[in-house]
Amino acid sequence: MKSNVFYLMALLGLFIILLSFSGCTHQHGHLPAKRVILIGIDGVGVQDLQQAMTPNLDSIIGIGALSLTTRGVMPTVSGPNWSSHLLGAGPEQHGITSNGWTVDNHSVKPTITDKNGYFPSVFNLIKEQMPASKTAMFYDWDALINYYNPAYIDKLEYSGNYIQTFEMATSWIIENNPAFTFLYIGEPDEMGHEHQWHSPEYIESIEKVDQALGNFFLALKKNGLFEETHFIIVTDHGGVGYGHGGLSMDEIEIPWIISGPGVIRNKIIEQPNNVFNTASTIAYLFSLDQPVGWIGKPVYGAFISEKEFAGENINSYVPQPFFSIRSGLYTEYQIVELSIGDPSTEIRFETNGNPPTQLSNLYKSPIYLQRKNAIVLRDLKMVSKSRLSKLDFRVVLDIEELELKYGPSEKYYGKGISTLSDLIVGSNDFKDGEWLGFEGDNLEAELGFEKIQDINKIALGCLNLPGSWIFLPKQIGVFASVDGRKYIEIGRKEKSEIYTHAITGRNEIEIPLTRSKAKYLKIIAQNEGVCPNGHPGEGKKAWLFIDEIILENN
């Protein structure tokens, strides 16, 4: 009897062991990678990747997979995001909340640390679970080394620019064949801060990095190190204007690229992704166990062996089409040309704001835009489609004279009074330089025109950020005159109407009009006055932020 029981227990034990191994096989589902090279290019948004001419990045996408909806962590600045890429967690876990973080100077305590006080990184995992393997990091931003324990990195090399970074990395990789190398390139971020995101200078910087990337790939190919390498190419955030750190999708949403053995080819990763999944994906490639403090998951949809996820990714990458002008306000009609990166790709468009289909208008020649149009584009190539491009175009009246009864605060002065008529709308960031801020005061603006105008629509761009003590107007009144002396009220909007459809961030408040002819206008937007009861700033002066006075006669 004991013999039979022992036999059954032995079978059960064997069954449990087999199940355990089966689970490990399902978890990894591939042979461990020979080498992984992580290339970080700072400050590249989704729009910017698609706008720049990047044949070498495109070649990696062609043999790999691309996510166009990867999200960065908050805040959308470099330190928290680059650390998250290699630490498998967000700021809430690793505690890196700013660029100035150091192991000896921080406010948020990491949930777990190694013996030196660092949150465990990919470098830790590789050296602890693959002790014979080499690791390396080449970088041109000095703060970056503060986020990872250098004791687990065999080769650390700081350089003055991205050219030197690629040169030093190339020779060392060829000589040492490391398991894992991290290259950091800061050039696009620097150009964004200096010339603005999406500017020609900024786009050119991405293209120059792509050229250097091509030389790097060529050297690896010549030395037999390209084909069996997994490349992961990532960034940390996009940008708006001269900066980043805000809540716009241009800053939050970034591209994420992977290629190598076992990776699906020329496909878009449709599943949600986040920067802290990068570390988990590297651990997955090397078949490493990740620390309990990591929250990241491998990007399963990128791997052929993960059929449940990879099978959902059927669309190939088609570059997004672009317009020759930007969305915004104009005082004249415009002729718009559309970019076509691939001559074999057709562009379909709609001028009613609806998503285009294969039956929509085919772009053959420039489009003449009048009054107000929302043009939406999509490249179509076989069954794959690009991301939508949208142009919001409005023709508005040119404000020739503008005076304010109360000046804005010196802290939020924008470009001066012209900020209200420069045809540039602000973002949700009140510090972006496109807003006038009034502390406790009303906006009382007097406008003049060369001749009597038919004015059918008036709107104010206003910011609603109660957490920053910024409130919408509690009342807006519009008064018209043909002689500059006698004014008649032609429009009013009360607080209840203003807040009916209010959203957090920028609001465009339209004031219904009863009369439309005027040579002079007065617009009064009443400040909330003080922060309301129950607000953290209760009783203190409230802020009113205005970015644009918008007048239309159509």
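This is a predicted model: local features need pLDDT of at least 70, side-chain atom pairs count only at pLDDT 80 or more; totals for chains, interfaces and linings use all residues.
**Notes on the cavities, a helix pair and a pocket**

1. The largest cavity has about 100 Å³ of space in it. If you want to find it on screen, pick out its lining: Ile-41, Val-44, Leu-49, Leu-57, Ile-206, Ile-233, Val-234, Thr-235, Pro-255 and Ile-257. Two strands, β6 (229-234) and β7 (253-259), each supply at least two residues of that lining.

2. What classes of residue make up the lining of the largest cavity? There are 9 nonpolar residues and 1 polar one, with no charged residues.

3. On to the second largest cavity, which holds about 50 Å³ of space. Its lining is made of Leu-329, Val-396, Leu-397, Asp-398, Ile-399, Ser-421, Leu-423, Glu-548, Ile-549 and Ile-550. Strand β26 (residues 543-552) gives the largest share of this lining, 3 residues.

4. The class count for the second largest cavity comes to 7 nonpolar, 1 polar and 2 charged residues.

5. Now for a pair of helices. Helix α7 (residues 162-176) packs with helix α9 (residues 200-222) at an angle of about 10 degrees, and their axes are 10 Å apart. Angles under 35 degrees count as roughly parallel, so α7 is roughly parallel to α9. The crossing of α7 and α9 is right-handed.

6. Which residues make the contact between α7 and α9? From α7 come Tyr-162, Ile-163, Phe-166, Thr-170, Ile-173 and Ile-174. From α9 come Lys-208, Val-209, Ala-212, Leu-213, Phe-216, Ala-219 and Leu-220. Sorted by class, the residues of this contact are 11 nonpolar, 1 polar and 1 charged.

7. Last, a pocket worth a look. The second largest pocket contains about 270 Å³ of space. Its lining has 15 residues, and those nearest the pocket's centre are Leu-68, Ile-268, Glu-270, Lys-385 and Arg-387. By class, the lining of this pocket splits into 6 nonpolar, 5 polar and 4 charged residues.

Key:
Residues are numbered from 1 along each chain as its sequence is written. Side-chain values use heavy atoms; hydrogens and water are left out. On a 1 Å grid over the protein atoms alone, a cavity is a set of points where a 1.4 Å probe fits but cannot get out, and a pocket is an open set with protein on both sides within 12 Å along at least five of seven lines; lining residues have an atom within 4 Å of a point. Grid points are joined across faces, edges and corners, and a volume is the space filled by probe spheres set on the points. Helices (H or I, at least four residues) and strands (E, at least two) are DSSP runs, numbered from the N terminus. Ala, Val, Leu, Ile, Met, Phe, Trp, Tyr, Cys and Pro count as nonpolar, Asp, Glu, Lys and Arg as charged, and the others, Gly among them, as polar. Axes are lines fitted to C-alpha atoms, for helices over the stretch in contact, and angles run from 0 to 180 degrees between N-to-C directions. Angles under 35 degrees count as roughly parallel, over 145 as roughly antiparallel, 65 to 115 as roughly perpendicular and the rest as oblique. A crossing is left-handed if the near helix is turned anticlockwise from the far one by less than a right angle, and right-handed if clockwise. Contact means heavy atoms within 4.5 Å.
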